[in-house]
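Morning, everyone. I'll take charged pairs, then rings, then strands.

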Amino acid sequence: MGSLIRHVTVDAADPFVLASFWAQALDGSLAVDDFPGDPEAVVTTAAATLLFVRVDDRKAVKNRVHLDLQPQDRTRDEEVERLLSLGATLQGDHRRPDGTGWVTLYDPEGNEFCVERSAAELANG
């Protein structure tokens, strides 16, 4: 048997703050032993475990790897609005008049991620 992915690891200036954003964004939970100022924080979600580690170097270029989110109980547009209210910022709006496309956002530390259409939206055309 080959290897399994244990965590998706994200460099962060403040692991606890960034993990808190992603826990809310993904309806996940922080590990019970994660506190402000810790050098790392873990978020567990239904689909993956994210590990946030303190790295003092600031982000300088586009991510080489990013997350693509698919809303489960709301539309793409509703999810974009929810994530913006949690502290994400708009990077690029790639929605098309026919309803296809996606939205690229930045998390609070400037990491790019995309929000795609929900499964229900995809099924409806």
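First, a definition: a salt bridge is a side-chain nitrogen of Lys or Arg within 4 Å of a carboxyl oxygen of Asp or Glu. By that rule, the count here is 7 salt bridges. Side chains of opposite charge can pair when their charged atoms come close.

A word on what you are looking at. This is a predicted model: local features need pLDDT of at least 70, side-chain atom pairs count only at pLDDT 80 or more, and totals for chains, interfaces and linings use all residues. Residues are numbered from 1 along each chain as its sequence is written, and side-chain values use heavy atoms, with hydrogens and water left out.

Back to the charges. Which residue forms a salt bridge with Glu-112? Lys-59 does, and the closest N and O atoms are 3.4 Å apart. This pair links distant parts of the chain, 53 residues apart. Glu-112 sits in strand β8, residues 112–115. Lys-59 sits in the loop between β4 (49–54) and β5 (67–69). Helices (H or I, at least four residues) and strands (E, at least two) are DSSP runs, numbered from the N terminus.

Buried or exposed? Buried means under 20% relative accessible area, exposed means over 50%, and partly exposed is in between, with a 1.4 Å probe and protein chains only. Glu-112 has a relative accessible area of 10%, so Glu-112 is buried. Lys-59 has 36%, so Lys-59 is partly exposed.

Next pair. Arg-76 and Asp-77 meet in a salt bridge, 3.0 Å from N to O. Arg-76 is buried at 4%. Asp-77 is partly exposed at 33%.

One more. Asp-93 and Arg-95 form a salt bridge at 2.7 Å, N to O. Asp-93 is partly exposed at 41%, and Arg-95 is partly exposed at 29%. There is also a network: salt bridges with shared partners join Asp-73, Arg-74, Glu-79 and Arg-82.

Now the rings. A pair of aromatic rings is described by the distance of the centres and the angle of the planes. Rings of Phe, Tyr and Trp (its six-membered ring) pair if their centres lie within 6.5 Å; planes under 30 degrees apart count as stacked, over 60 as edge-to-face, and the rest as tilted. How many aromatic pairs does the structure hold? It holds 3. Take Trp-22 and Phe-113: their centres are 4.7 Å apart and their planes at 70 degrees, so this pair is edge-to-face. Trp-22 lies in helix α1 (residues 15–25) and Phe-113 in strand β8, so the pair ties together parts 91 residues apart in sequence. Phe-21 joins Trp-22 and Phe-113 in a cluster linked by ring pairs.

Stay on Phe-113. Its relative accessible area is 0%, so Phe-113 is buried. Leaving aside neighbours within four places in sequence, Phe-113 has contacts (heavy atoms within 4.5 Å) that include His-66, Leu-83 and Ala-88. From Phe-113 to Ala-88 is 25 residues in sequence, and 9.7 Å in space, C-alpha to C-alpha.

Last stop, strand β3, residues 40–44. In a regular strand the side chains alternate between the two faces of the sheet. In β3, Ala-41 and Val-43 make up the covered face. Glu-40, Val-42 and Thr-44 make up the uncovered one. Two strands pair if DSSP finds at least two bridges between them. Strand β2 (residues 29–30) pairs with β3 in the antiparallel sense, over 2 bridges. There, Leu-30 stands opposite Val-43. On to β4: 5 bridges join β3 to β4, and they run antiparallel. Thr-44 stands opposite Thr-49 in β4. A hairpin joins β3 to β4 through 4 residues.
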